[in-house]
Amino acid sequence: QNNSGRLTGSASRENGKFGKAVKVDGSNGSRVAINNSEDINLGINPERTISMWFKTDDASSDKKQVLYEEGGRSRGLNMYVEDDLLYFGGWSNKGNWAKGDWVTTKPNQVKSGEWHHVALVLDGDDTLKPNALTAYLDGKKVGSAQGTQMWRHVDSSRYADGSGGNRKGLIGSVDEFQLYNDALSANQVQQLANGVFL
């Protein structure tokens with residue numbers, strides 16, 4: 001399967017946490033795009049882990065700085081920084097998860113100009129169940145929320161405040177992005193945060 005990402009807009013390469021990273025400037029087109037795929041958004045995925053290193057230039061910005069998003073108004077997953085908080089969320093109009101749930105860090109845990117490791121783990125099925133969505137920052141569990149599996153999804157994102165719309169980009173850098181169609185354990189996430197590649 002060819003699920004390689006491509007740089008779009010003003011996205012560029014720079015020195016990163018490990019080797020080279022991607023620098024993005026927050027404009028709508030500045031991002032890494034991946035084609036629609038059965039592996040990612042066109043199939044049914046009960047399990048998913050999204051892992052990456054990121055650095056934001058301004059964690060206190062009131063702009064929703066999206067680190068990762070897949071899906072649309074009907075169903076999807078995302079991670080974003082806004083007002084010194086990091087949000088991890090999911091939603092689906094199937095499986096009684098239409099409103100969605102987001103786990104957030106405490107204020108000021110994300111430091112501007114510093115590399116942080118984040119992971120979002122989904123372990124769901126076709127009905128809503130507790131603790132299906134688990135969020136990690138720098139190898140430590142932030143919290144869990146209810147959730148379901150991911151059904152086929154496309155289009156734009158949704159946010160914890162109920163708003164939606166087009167992608168809003170990170171102002172900063174992303175490195176070592178990894179997507180697994182497995183629900184990694186807390187120990188495996190800790191390994192990723194320690195720079196051990198699984």
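E70 and R48 are where I would like to begin, and both of these residues are buried in this structure, which is a predicted model. They form a salt bridge with each other, and the closest N and O atoms of the pair are 2.5 Å apart.

How many salt bridges does a search of the whole structure find? The search finds four. Another of them pairs E82 with K64, and here the closest N and O atoms lie 3.3 Å apart. Because E82 sits in strand β7, residues 75-82, while K64 sits in the loop between β5 and β6, this pair ties together parts that are 18 residues apart in sequence. K64 and E82 are also joined with D161 into one network, through salt bridges that share partners. Both E82 and K64 are buried.

The side chains of D57 and K23 meet in a salt bridge as well, at 3.1 Å from N to O. D57 is in the loop between β5 and β6, and K23 is in strand β3, residues 20-25, so this pair ties together parts that are 34 residues apart in sequence. Are these two buried, or are they partly exposed? D57 counts as partly exposed because its relative accessibility is 42%, and K23 counts as partly exposed at 26%.

Let me turn to the loop between β4 and β5, where we find I44. With a relative accessible area of 52%, I44 is exposed, and, leaving aside residues up to four places away in sequence, it touches Q149, M150 and W151. The C-alpha atoms of I44 and M150 are separated by 5.7 Å, although the two residues are 106 apart along the chain. I34 is placed in the loop between β4 and β5 too, and it is partly exposed, with a relative accessible area of 33%. Together with L7, V32 and F177, I34 makes a nonpolar surface patch of about 300 Å².

Now for the chain as a whole, which has one helix and 15 strands. Its radius of gyration is 15 Å, close to the 16 Å that the globule rule gives for 198 residues, so the chain is as compact as a globular protein of that length. Of those 198 residues, 49% count as buried.

Finally, a word on confidence: the average pLDDT is 87, and 91% of the residues score at least 70. Confidence is highest in strand β10, residues 116-123, at 98, and lowest in strand β14, residues 164-165, at a mean of 70. Where pLDDT is low, the predicted coordinates should not be read in detail.

Note on methods:
Residues are numbered from 1 along each chain as its sequence is written. This is a predicted model: local features need pLDDT of at least 70, side-chain atom pairs count only at pLDDT 80 or more; totals for chains, interfaces and linings use all residues. Side-chain values use heavy atoms; hydrogens and water are left out. Patches are made of residues with over 30% relative accessible area and no salt bridge: like charges are joined within 9 Å, nonpolar side chains (Val, Leu, Ile, Met, Phe, Trp, Tyr) within 5 Å. Accessible areas come from the Shrake-Rupley method with a 1.4 Å probe; for residues, only the protein chains shown count as cover. Helices (H or I, at least four residues) and strands (E, at least two) are DSSP runs, numbered from the N terminus. Buried means under 20% relative accessible area, exposed over 50%, partly exposed in between (1.4 Å probe, protein chains only). The radius of gyration is taken over C-alpha atoms; the globule rule is 2.2 Å times the number of residues to the power 0.38. pLDDT is the predictor's confidence in each residue, from 0 to 100. Contact means heavy atoms within 4.5 Å.
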